[in-house]
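I would like the cut-offs behind each term to be stated along the way.

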Amino acid sequence: MALLTSIRRVQALHSPRSLTFILRAITHLSSSPSHRLSYLSFAFRHTVDIAFSHNLHFSTLNPFINQNSFDPTKLHDHVNATPSPHQLRLLELLERAKNFSSEGEALAFLDDSGILPDNDSICSVLLALRGEWKLAVLAFKWAEKWGCDCKKALSLIVWVLGTHKKFNTAWCLIREFHRHSIDARQAMLVMIDRYAAVNNPGKSIKTFHIMEKFRVTPDEEAFHTLLTTLCKNGNIEEAEEFMHQNKKLFPLDTESFNIILNGWCNISIDVFEAKRVWREMSRCCVTPNAASYVYMISCFSKVGNLFDSLRLYDEMNKRGWVPCLEVYNSLIYVLTRENCFDEALKFLEKLKEAGFIPNFETYNSMIKPLCELKKIEEARHILATMIGENIRPTIETYHAFLVGTNFEGTLEVLNQMKKCGCGPNEDTFLLILNKFFKLEQAENSLKIWLEMREYEIMPNSAHYAVVVKGLAACGFLGKARELYIEMVSNGFLSEPKLKKLLKEAVRGKKDDIKKGGVRIVRKSGRVTRRRKHGKQSRNKAPLDRSHESLKQANI
């Protein structure tokens, strides 16, 4: 059996910021048509970048996947790199239509506009509107009314609705298509995916069982899709149980076991469970194939098990399975991580001799562990080689360098990321803030907090949570309360854990004063006692102001 190469893994997550840029563009439209289209074009592309900025670490070497089926993890295929003027006009028109009180009035307004949707643009428009599901439904119904081929669009709108947990609305659309004898197979597979994505594996399984009611056969492809979806979203135990429960209808085979194995190896990264499934395959007389070895080697490499990684590599060769690029990348990673960098470089040469071309994952497999081992110069040499071979570094490449750099080095990496158009993004600053707070460098964290605005990154709730917790832990209670109040005033939900943390911090400070200014400090396993300087009366006023600040923040 030929081993399929690994396809790109992209996490299909919607972002509440998706429509913000479109709305901002439409709100600030100038009278110039060229300015209007260029501004909106930027906003449209920005929404696409946001949606697929996170990679999903789920290997997809399974040969049974139907390449013609709708894959929710590849929704970016529906969007052109540069949106057409027609698509931009549709978005502008739909934004105006949402102001009507009823759906009928909105549809009538759209009909009278003289602009009509078409098959080429509807999916791109739906994806651009994924952050506002009501507007997306309006666009879908408008396209359906004008006779657009809505099979693929149905799968997409179901994905949008499922992402917003509007499953009842999604089922209404599926039933309507069923009544008109239109195949809703892919839409139901998307429903299975969305239920699992919101941690409801029971509904995913139930959807599989009721497929026949919609004249959709729950065949092997649907069965494998269910198993893959469950594992991809962390419901690996449920997937394995379902596989065994249905072994009479779908006999146990290598493909089914590989899906489970892939879940334990690449989602859970649980070596114990992966070994158990490997032994179970043998007990069930199911022979591992090349993909099985790829998953196991990947799992062993992730946990730093060099011996078993090389053992399975040798066993794979003896059985006649040709190692793929993913195997070489895994071995290069674990060799570098375990201080066998020279051997890793030899495997890089082996990779080339085998006819493979190194990709960004190959070089990231060396750069990341080198940075973790504080071997920054070696990592920079690999980066230079990577660029010299015309392989563009990814945002993960630069994130690896950020782990081991000081403050000046961090600013340098951020500047380089901006120059090459590779971030930084929200995750970049989360990583940096966590790093400096872990090093108890609260001042540097605050500098990075201000630096975010320079890169046009607005803090979200995760950033506020990290900074407030970090500042409180480092003793900067006043600044922590100030940012907590700012977080709430900016519309982010108040977190009970942060409330509790700030209350305990103030209570602890009061107790310190009552004990005569002696403070117990636990640091690096040592217990020391610090005596506060000055009189107790000088500390009372700030405590009272702190109490008032907490009241303002509703704590």
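Met243 counts as buried because its relative accessibility is 0%, where buried stands for under 20% relative accessible area, exposed for over 50% and partly exposed for what lies in between (1.4 Å probe, protein chains only). This residue lies in helix 12, residues 236-245; helices (H or I, at least four residues) and strands (E, at least two) are DSSP runs numbered from the N terminus. Leaving aside residues up to four places away in sequence, Met243 touches Phe223, Leu227, Leu252, Ser256, Phe257 and Ile260, a contact being heavy atoms within 4.5 Å. His224 is 19 residues away from Met243 along the chain, and the C-alpha atoms of the two are separated by 9.3 Å.

The model is a predicted one, in which local features need pLDDT of at least 70 and side-chain atom pairs count only at pLDDT 80 or more, whereas totals for chains, interfaces and linings use all residues. Residues are numbered from 1 along each chain as its sequence is written, and side-chain values use heavy atoms, with hydrogens and water left out.

The structure holds 18 aromatic pairs, for which rings of Phe, Tyr and Trp (its six-membered ring) must have centres within 6.5 Å, with planes under 30 degrees apart counted as stacked, over 60 as edge-to-face and the rest as tilted. Phe223 and Phe250 form a stacked pair, with 4.3 Å from centre to centre and 10 degrees between the planes. This pair links distant parts of the chain, since Phe223 belongs to helix 11 (residues 220-232) and Phe250 to the loop between helix 12 and helix 13, 27 residues apart. Both Phe223 and Phe250 are buried. A second pair, Tyr464 with Phe492, is tilted, at 5.6 Å centre to centre and 50 degrees between the planes. Here too distant parts of the chain are linked, Tyr464 lying in helix 25 and Phe492 in the loop between helix 26 (477-489) and helix 27 (496-514), 28 residues apart. Tyr464 is buried because its relative accessible area is 1%, whereas Phe492 has a relative accessible area of 25% and is therefore partly exposed. Ring pairs also link Phe208, Phe223, Phe242 and Phe250 into a cluster.

Helix 15 (residues 290-302) shows how a helix is covered by others. Its 13 residues should span 18 Å at 1.5 Å a residue, and its end C-alpha atoms are 19 Å apart, which agrees; the expected span is 1.5 Å times one less than the number of residues. Of these 13 residues, 12 are buried, among them Tyr293, Tyr295, Met296, Cys299 and Phe300. The buried residues pack against helix 13 (254-267), helix 14 (271-283), helix 16 (306-318) and helix 17 (325-337). Ser301, also in helix 15, counts as buried because its relative accessibility is 3%, and beyond residues up to four places away in sequence it touches Ser309, Ser330, Tyr333, Val334 and Arg337. At the start of helix 15, a side-chain oxygen of Asn289 comes within 3.1 Å of the backbone nitrogen of Ala291, while just after the helix Gly304 takes a positive phi of about 80 degrees.

Helix 23 (residues 426-438) has 13 residues and reaches 18 Å from its first C-alpha to its last, close to the 18 Å expected at 1.5 Å a residue. Its buried residues include Phe429, Leu430, Ile432, Leu433 and Phe437, and what covers the buried residues includes helix 21 (395-403), helix 22 (407-419), helix 24 (442-454) and helix 25 (461-473). Asn425 caps the N-terminal end, with a side-chain oxygen 3.1 Å from the backbone nitrogen of Asp427, and just after helix 23 Glu440 takes a positive phi of about 60 degrees.

For the whole picture, the protein chain contains 28 helices and two strands, and 49% of its 555 residues count as buried. Among its contacts with a separation of 6 or more, 66% are between residues 24 or more positions apart.

Technical notes
Polar contact = N/O pair within 3.5 Å; in protein donor to acceptor, adjacent residues only side chain to side chain.
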